Amino acid sequence: MMEAKPFSISKWDVLRAYQLVKANQGSAGVDGESLEKFGTNLKGNLYKIWNRMSSGTYFPPPVKAVAIPKKSGGERILGIPTVSDRIAQMVVKMAFEPAVERIFSADSYGYRPGKSALDAVGITRKRCWQYDWVLEFDIKGLFDNIRHDLLMTAVEKHTDSAWVKLYIERWLTAPLQREDGELTARAQGTPQGGVISPVLANLFLHYVFDKWLERHYPNVKWCRYADDGLVHCRSREEAEHMLSVLRSRFAECGLELHPVKTKIVYCKDGSRKGNHEHTRFDFLGYTFRRRVVKNRKRNSLFVSFTPAVSKASLKGMKRKIRAMRVRSRTELSIAQMAKWLNPIINGWLAYYGAFYRSALYVIFRHINRALVRWARRKFKALRRHKIRASKFMERISEQCPRLFAHWRQGMRGAFA
């Protein structure tokens, strides 16, 4: 007779967790095992995870530390769990997330099912029209500084499951393994890159910020996407007060507001007058500032405080095009080039084109010029003739205006 397991975990949940992890892809952890390699013995590997988790003997391996560049300069350390550990974390996430998701605030948008960054940008745009001032705040090193004692208190408040609590606690203290093999113990934080980490970070900030603000300042409007947040205010004095109380609140919970990225901004538009130090801010890849916009109903222009793709985002897109070495892909036909580039262009259009789409003209002009350079390399007759190559691409855009995704938006000009 088979001995009963201490914890009741469904094998189907482990399989479902694997399917979700596989769909998200991701690189190998410290053991070097890829998703493809894991799948060569899928049944045995999934059974091993289920057996150990059900027995209470699952101990997470070290998390692989990977440094990635930040847009603002410097590096961010991501923690990459092994494939097996990502699956185990997904099993716990599936059991735990529904319990906390229903208590989270409507104005928390990051890493949540049914919510997106564009939702946060949209509500922010509306509120900037309603309120003259905004406090933009950024939490410095959120994932590295979450206090384990406070987080586990919150976890225990929302689950009675012994195995969920057990494994969350073990993941919090799993060491980071550096590139040279050195292990770094962790007494605080949760690795940015872990499957369970976003849910835990949201839960922590729910009590540190969201619920605290709703209790003490119920009339203040705010929006948060993970560690980036905005508080809308009626006056500069109110914004300065909110900055002071939030700095104290975060400090008592072990967190610090970023000294550079946190600032008070005046939402200056056509009717709001006066000179102030900050009249723009960046949020989720968009820059909010004073712009001339069109009133479609009245067919007239007016000045509004509204978002458009940020310069930093445009630079990132240009870097992406350069890294893809578009001009060197001479083995591709123009149709194959379109098939290769269109998913990326469509992604940029869908996200950065949701508001003030004309600001994307800069990047699409950059792509068109990259296509001209490609044509000059591919066709010998165009190699020494930049103007002829530009006209060649212009003719293609006129004959096949739907070939590239940005051409379909009428952005076919500027090949020279």
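The model you're looking at is predicted, so local features need pLDDT of at least 70 and side-chain atom pairs count only at pLDDT 80 or more, while totals for chains, interfaces and linings use all residues. Residues are numbered from 1 along each chain as its sequence is written, and side-chain values use heavy atoms, with hydrogens and water left out.

So where does Thr 190 sit? You'll find Thr 190 in the loop between strand 5 (183-184) and helix 9 (197-216). Helices (H or I, at least four residues) and strands (E, at least two) are DSSP runs, numbered from the N terminus. Thr 190 is buried, with a relative accessible area of 3%; buried means under 20% relative accessible area, exposed over 50%, and partly exposed in between (1.4 Å probe, protein chains only). Setting aside neighbours within four places in sequence, Thr 190 is in contact (heavy atoms within 4.5 Å) with Phe 143, Ile 146, Leu 172, Ser 197 and Leu 200.

Rolling a probe the size of a water molecule over the atoms shows where empty space is left. On a 1 Å grid over the protein atoms alone, a cavity is a set of points where a 1.4 Å probe fits but cannot get out, while a pocket is an open set with protein on both sides within 12 Å along at least five of seven lines; lining residues have an atom within 4 Å of a point. Grid points are joined across faces, edges and corners, and a volume is the space filled by probe spheres set on the points. The count comes to one cavity of 30 Å³ or more, and the largest cavity holds about 60 Å³ of space. Its lining divides into six nonpolar, four polar and one charged. For that sorting, Ala, Val, Leu, Ile, Met, Phe, Trp, Tyr, Cys and Pro count as nonpolar, Asp, Glu, Lys and Arg as charged, and the others, Gly among them, as polar.

The largest pocket has about 1600 Å³ of space, and 42 residues line it, with Arg 76, Asp 138, Asp 227, Asp 228 and Lys 261 nearest its centre. Elements that give two or more residues to this lining include strand 1 (63-69), strand 3 (133-138), helix 9 and helix 11 (311-324). The largest share, four residues, comes from strand 2. By type, the lining of the largest pocket splits into 18 nonpolar, 11 polar and 13 charged.

The second largest pocket has a volume of about 430 Å³. Of the 15 residues lining it, Arg 125, Val 293, Lys 294, Arg 296 and Tyr 356 are the closest to its centre. Helix 5 (117-130), strand 10 (286-295) and strand 11 (300-309) each supply at least two residues of the lining, and strand 11 gives the largest share, four residues.

What about the rings? There are 21 aromatic pairs, meaning rings of Phe, Tyr and Trp (its six-membered ring) whose centres lie within 6.5 Å; planes under 30 degrees apart count as stacked, over 60 as edge-to-face and the rest as tilted. The rings of Phe 209 and Trp 222 have centres 5.3 Å apart and planes at 85 degrees, so this pair is edge-to-face. Phe 209 belongs to helix 9 and Trp 222 to strand 6 (residues 221-225), so the pair ties together parts 13 residues apart in sequence. Phe 209 is buried at 0% relative accessible area, and Trp 222 is buried at 3%. Ring pairs also link Phe 137, Phe 209, Trp 222 and Phe 250 into a cluster.

Last, look at the segment after helix 14 (386-399), where His 406 lies. His 406 is buried, with a relative accessible area of 0%, and its side chain makes a polar contact of 3.3 Å with the side chain of Trp 407.

Notes. Polar contact = N/O pair within 3.5 Å; in protein donor to acceptor, adjacent residues only side chain to side chain.
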